[in-house]
Amino acid sequence: AVVTGDVVRVGDLVENAGIIAKVPIFRAPDLGSTGTVSADSVIEAVRAHALVGLDSGNIAEVVVTHASRTIPAKTIEASIARALSAQYRLGPSKDIAINFDRELRDIEVEVDTRGEPRVKHIGFNSHSGRFDATLEIPIGNGSRSTLRLFGNAEATVEVVTVARPIDRGEILKSADVLIERRPRNQLTRDTITDRELAIGF
């Protein structure tokens with residue numbers, strides 16, 4: 001059975017339950033999670049609501065899933081990067097590397113929830129690279145919860161590097177050259193950012 005609320009109702013587990021179909025009998029699993037309930041427990045729960053003679057057939061247990069919509073951690077990270085880009089001139093948001101103090105996980109919300117995470121406040125120290133952000137997360141029924149995150153952020157740029165040790169006098173081939181992201185403040189006048197320029201050196 002798949003449910004979309006905080007409770008499991010008679011009609012979620014029993015076909016043709018009639019007027020008691022919407023009566024809650026169990027707490028639903030956490031959002032995005034799955035749990036099991038024995039057929040005997042279902043029969044016992046509905047008996048209190050005058051539904052008798054329920055035949056479970058060969059069913060021993062019922063698997064119940066609480067349907068959800070996933071807000072990926074990457075979506076939250078991207079919203080912080082956009083806010084930093086807009087307010088602190090760190091360059092394009094795609095070039096901002098973010099490291100959170102605690103692992104950022106996907107967030108599960110009710111399946112009919114609309115909207116995306118929204119940065120309500122963000123602070124950034126350009127010297128230390130530390131940020132703190134307060135976000136509003138939609139959780140369903142028009143409600144939002146507050147999420148506060150801390151970490152480090154820095155502007156990065158793609159630079160050319162090599163895939164293996166290179167001998168003196170050796171000519172760089174295409175397979176020898178890699179592109180990596182490095183902090184923008186580490187660039188020097190000699191840094192090469194165009195892969196094609198390095199091939200043949």
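Trainee: Which helix supplies the largest share of the lining of the second largest pocket?

Mentor: This is a predicted model, and its second largest pocket has a volume of about 190 Å³. Among the residues lining that pocket are Ala39, Val42 and Ile43. Three residues, the largest share of the lining, come from the helix spanning residues 39-47, namely H2.

Trainee: How many residues of the lining of the second largest pocket are nonpolar?

Mentor: The lining of this pocket includes Leu13, Val14, Leu54, Ile59 and Val62. It also includes Glu15, Asp55 and Ser56. By class, one lining residue is polar, two are charged, and the nonpolar ones number eight.

Trainee: What angle does the direction of H2 make with that of S4?

Mentor: Strand S4 (34-38) is an edge strand, as is strand S1 (2-3), each pairing on one side only. H2 packs on their sheet and touches both S4 and S5. The angle between the directions of H2 and S4 is about 70°.

Trainee: In which order do the three strands of the open sheet lie?

Mentor: S1 and S4 are the edge strands. S1 pairs in the parallel sense with strand S5 (residues 61-66), over two bridges. The pairing in the sheet is mixed, and the order is S1-S5-S4.

Trainee: Which residue in S5 is the bridge partner of Val3?

Mentor: S1 covers residues 2-3, and S5 covers residues 61-66. The bridge partner of Val3 in S5 is His66.

Trainee: Which strand gives the largest share of the lining of the largest pocket?

Mentor: The largest pocket has a volume of about 230 Å³. Of its 15 lining residues, the closest to the centre are Ser126, Ala153, Glu154, Ala155 and Asn185. Strand S7 (96-100) and strand S11 (143-162) each supply at least two lining residues. The largest share, four residues, comes from S11.

Trainee: How many polar residues are in the lining of the largest pocket?

Mentor: The lining of the largest pocket holds 15 residues. Six of them are nonpolar and two are charged, while the polar residues number seven.

Trainee: Which residue in the turn between S9 and S10 has a positive phi?

Mentor: Strand S9 (residues 118-124) and S10 run antiparallel and are joined by six bridges. Ile122 stands opposite Ala133 in S10. The two strands form a hairpin with five residues between them, and the turn residue with a positive phi, about 80°, is Gly129.

Trainee: How far apart are the closest N and O atoms in the salt bridge of Arg130 with Asp101?

Mentor: The pair links distant parts of the chain, with Arg130 in strand S10 (residues 130-140) and Asp101 in the loop between S7 and strand S8 (107-110), 29 residues apart. A salt bridge needs a side-chain nitrogen within 4 Å of a carboxyl oxygen, and the count for the model comes to 16. In the bridge between Arg130 and Asp101, the closest N and O atoms are apart by 2.7 Å.

Notes
Residues numbered from 1 in each chain as written. Heavy atoms only, no water. 1 Å grid on protein atoms, 1.4 Å probe; cavity = no way out; pocket = protein on both sides within 12 Å on 5 of 7 lines; lining within 4 Å. Points joined across faces, edges and corners; volume = space filled by probe spheres on them. Nonpolar A, V, L, I, M, F, W, Y, C, P; charged D, E, K, R; others polar. Pairing = 2+ DSSP bridges. Contact = heavy atoms within 4.5 Å. Axes fitted to C-alpha atoms, helices over the stretch in contact; angles between N-to-C directions.
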